[in-house]
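Visitor: Can you walk me through this model? Keep it quick, please.

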Amino acid sequence: VIKHARESFRDAVSLIDQLIAYTEGKITKDSVVTLLGTVDREQFKNITRSIILKDVSETLQLMQTLINEGFSAQDIVENLIEMFRERLMSQELKEESTREKEMHHVTYEELDQILMVLMDSYEKIIGSSFSNTILELTLIRLSKIRPIEKLETLIEKIEDISRNGMKQERIDTVLDKKIEN
């Protein structure tokens, strides 16, 4: 309700009054979702999970479900930004819930990349005639984000290769592949 009221106390009170009238005093999560046209956070947890697991097919199916339910590409990206921002902040503040711990671990750097891609996409979607296409391409792009290896780890790998007598050509090939990714 607060988010929908854009953090305006007066608007939030008005929305709660409407909810009380609509539900005859029995406000539930489903009634809030129905009346305000907001998305069930569980749907966005699912799409967030599919993005982290790099399951493009599942992500695009969940996106299409949201669009079929009347959400715009802009709404979807806004909610994804919020979900990933919350994840980043909870990870930085070490407040991960059990459910979040069950998800594959995502590094700060990956979350940062995801948020940058989403924010860039949000800017492109605003006013575009191709907002759904931009959203689809964004979700596919998110599936291509790979973990960033720390420089120390790469140096250790190179030293290990060196110790094991690998030829310089093979080392160059391995390094080229790492740089491409």
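Guide: Here is a short tour, from the fold to the salt bridges and the loops.

Visitor: What should I know before reading the numbers?

Guide: This is a predicted model, where local features need pLDDT of at least 70, side-chain atom pairs count only at pLDDT 80 or more, and totals for chains, interfaces and linings use all residues. Residues are numbered from 1 along each chain as its sequence is written, and side-chain values use heavy atoms, with hydrogens and water left out.

Visitor: OK. How many helices and strands are there in the protein?

Guide: Ten helices and zero strands. Both kinds of element are DSSP runs, numbered from the N terminus: helices are H or I with at least four residues, strands are E with at least two.

Visitor: How much of the protein is buried?

Guide: Of the 181 residues, 30% are buried. Buried means under 20% relative accessible area, exposed means over 50%, and partly exposed is in between (1.4 Å probe, protein chains only).

Visitor: And the accessible surface, what does it come to?

Guide: About 12,100 Å², with 52% of that belonging to carbon and sulfur atoms. The areas come from the Shrake-Rupley method with a 1.4 Å probe; for residues, only the protein chains shown count as cover.

Visitor: What about contacts between residues at least 6 apart in sequence?

Guide: In that set, 58% join residues at least 24 apart. Contact means heavy atoms within 4.5 Å.

Visitor: Now the core. Which residues have the most contacts inside the largest one?

Guide: Ile-47, Ile-76, Leu-80, Phe-84, Leu-118, Leu-135 and Leu-142, in a nonpolar core of 30 residues. Helix 3, helix 4, helix 5 (73-92), helix 7 (108-125) and helix 8 (131-143) each supply at least two residues of this core. Helix 5 gives the largest share, eight residues. A nonpolar core here is a set of buried Ala, Val, Leu, Ile, Met, Phe, Trp, Tyr and Cys residues joined through side-chain atoms within 4.5 Å.

Visitor: Take Ile-76. What is it in contact with, leaving aside neighbours within four places in sequence?

Guide: Phe-44, Met-63, Leu-66, Ile-67, Phe-71 and Leu-135.

Visitor: Some of those sit in helix 4, residues 56-68. Which residues are buried in helix 4?

Guide: Thr-59, Leu-62, Met-63, Leu-66 and Ile-67. Seen down the axis of helix 4, the buried residues fall within an arc of 140 degrees, so they line one face of the helix. The arc is that of the directions from the helix axis to the C-beta atoms.

Visitor: Why would a spacing of three or four places point the same way?

Guide: An α-helix has 3.6 residues a turn, so residues three or four places apart point the same way.

Visitor: What span should helix 4 have?

Guide: Its 13 residues should span 18 Å at 1.5 Å a residue, and the end C-alpha atoms are 18 Å apart, which agrees. The expected span is 1.5 Å times one less than the number of residues.

Visitor: And helix 3: which residues are buried there?

Guide: Phe-44, Ile-47, Thr-48, Ser-50, Ile-51 and Ile-52. Helix 3 covers residues 41-52; its twelve residues should span 16 Å, and its end C-alpha atoms are 16 Å apart.

Visitor: What follows helix 3?

Guide: Lys-54 does, with a positive phi near 60 degrees. That is a positive value in a residue other than glycine. Lys-54 lies in the loop between helix 3 and helix 4, and is partly exposed at 25% relative accessibility. Helix 4 is followed by Gly-70, whose phi is also positive, near 100 degrees.

Visitor: Switching to charges. How many salt bridges does a search of the whole structure find?

Guide: Two. A salt bridge is a side-chain nitrogen of Lys or Arg within 4 Å of a carboxyl oxygen of Asp or Glu. Asp-120 pairs with Lys-124, the closest N and O atoms being 3.1 Å apart. Both lie in helix 7, four residues apart, about one turn of the helix.

Visitor: And the other bridge, how far apart are the closest N and O atoms of Asp-120 and Arg-141?

Guide: 3.9 Å. This pair links distant parts of the chain: Asp-120 is in helix 7, Arg-141 in helix 8, 21 residues apart. Together, Asp-120, Lys-124 and Arg-141 form a network of salt bridges.

Visitor: Is Asp-120 buried, exposed or partly exposed?

Guide: Partly exposed, with a relative accessible area of 33%. Lys-124 is partly exposed at 47%, and Arg-141 is partly exposed at 45%.
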